Amino acid sequence: MEKLRIGIIMGGMSSEREVSLNSGRNVYDHLDGEFYRGVPIFMDADSRFWIIPWQLISQNTTVDMAEHLEAEARAIAYEDLKDEIDFAFISLHGKYGDDGCIQGLLELLRIPYTGPGVLASALGMDKHVQQKILRAEGLDVPRSMIVRRQDWDSDREAVMRDILGGFAPPCFTKPIREGSSIGVARIDDANALAQGIENALAWDNAVLVEEFLDGVEFSAIVLEQDGEARALEVTEIHPQSAYYTYDDKYMPGRCRKFTPPRTIPRDRADAIKAQVVRAFHALGFRSYGRIDGFLLRDGRILITDPNSSSGMAPSSFFFEQAACAGMLPSMMISRLIENALEIHRDKRGPL
Ligand SMILES: Nc1ncnc2c1ncn2[C@@H]1O[C@H](COP(=O)(O)OP(=O)(O)O)[C@@H](O)[C@H]1O
Ligand SMILES: [Mg+2]
């Protein structure tokens, strides 16, 4: 039997390209060789695809990787991708990666891919729109306000007054479409607010200002199995910093994570599982997703960050929760491929 050629796409153009590289090489390493043949594909900073020799995936950064491309890798035009792979495992994160852009390209090329389609991927990226949808679905989300660049540029004093009227510090500022805590700031006094908005505007043209949530942060992977989406075990997060920063997420030994949760009571963990599955369906996610939020001191569960994909480094929530369910990394990766093949077989028009 011919092995299915799985193109693992990593790198990309977003602020999360280094995170993507870590996910991609880990997926490559754990692909079940009995059924699949991995084809590592690097997306460079100019959105070109390169088929890279496996030896290159151990490069430390996307910049190191890029230096080797001309001599050691093979550039490939988008339209030729379908001659090289049968399936795309999207290990990209962030803009142009899990926001619907690559998904649209793969739809046009008729290549099945992991995760949800164009719309749900775009929703997974847009913190403003996803809050509206979740709220309409009856789920609890943080109180928030959007600040657009043109308003900020034309009358920042008025915007500041508006914000301070409804969101007295502590509050959070964040770009509407980023990930890995990039551009996020915790604002502890009014003097820091303008800087928080400016920092977030460096990443997007709109900023979300959110009420500060006082409670325990959690992350929950939802996985489709046997035709039903279910949450794996919930992870409770105890960051080392004032909030869960980029360094807390990716620097070894920074942050403590507990799966199953340590302080969240069992009945609350079960309630979290039920809520994240509702959020998963409300946003149209498919196959898997990672849905994060807070259990507040008053017992309320708030969804803050639903993601249509997940980081897949060895100690990611994805593999930690899978391990808790007795699933090896290779089993999870095969599950995502099998899920996607089934979903793409059944779709009518683009996913
Ligand atoms: N409203 C909030 N209240 C308390 N902490 C928050 C709030 N919003 C974000 N945070 C903290 O900032 C981190 C990053 O914010 P998040 O919205 O999850 O963005 P990202 O998509 O970059 O992960 C969260 O993991 C959490 O620790
Ligand atoms: Mg987050």
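Tyr and Pro count as nonpolar, Asp as charged, and Gly as polar, in the classes used here for lining residues. The model described is a predicted one.

A search of the whole structure finds two cavities of 30 Å³ or more. The largest cavity holds about 60 Å³ of space. Its lining is made up of I90, L92, D98, Q103, T114, G115, P116, S121, Y288, S308 and S309. By class, this lining of the largest cavity comprises six polar residues, four nonpolar residues and one charged residue.

The second largest pocket contains about 170 Å³ of space. Residues that line this pocket include G104, L106, E107, L108, R110, I111 and P112, together with H344, K347, G349 and P350. Helix α4 (residues 101-109) supplies four residues, the largest share of the lining of the second largest pocket. Five residues of this lining are nonpolar, three are polar and three are charged.

Helix α6 spans residues 127-136, and its buried residues are K127, H128, Q130, Q131 and L134. These residues lie on the same side of α6, because they cover an arc of only 165 degrees around the axis.

At the start of α6, the backbone nitrogen of H128 lies within 3.0 Å of a side-chain oxygen of D126. After α6 comes G138, with a positive phi near 90 degrees.

Conventions. Residues numbered from 1 in each chain as written. Chains lettered and ligands numbered in written order. Predicted model: local features only at pLDDT ≥ 70, side-chain atom pairs only at ≥ 80, totals over all residues. Heavy atoms only, no water. 1 Å grid on protein atoms, 1.4 Å probe; cavity = no way out; pocket = protein on both sides within 12 Å on 5 of 7 lines; lining within 4 Å. Points joined across faces, edges and corners; volume = space filled by probe spheres on them. Helix = DSSP H or I, 4+ residues; strand = E, 2+ residues; numbered from the N terminus. Buried < 20%, exposed > 50% of the residue type's maximum accessible area, 1.4 Å probe, protein only. Arc of directions from axis to C-beta. Polar contact = N/O pair within 3.5 Å; in protein donor to acceptor, adjacent residues only side chain to side chain.
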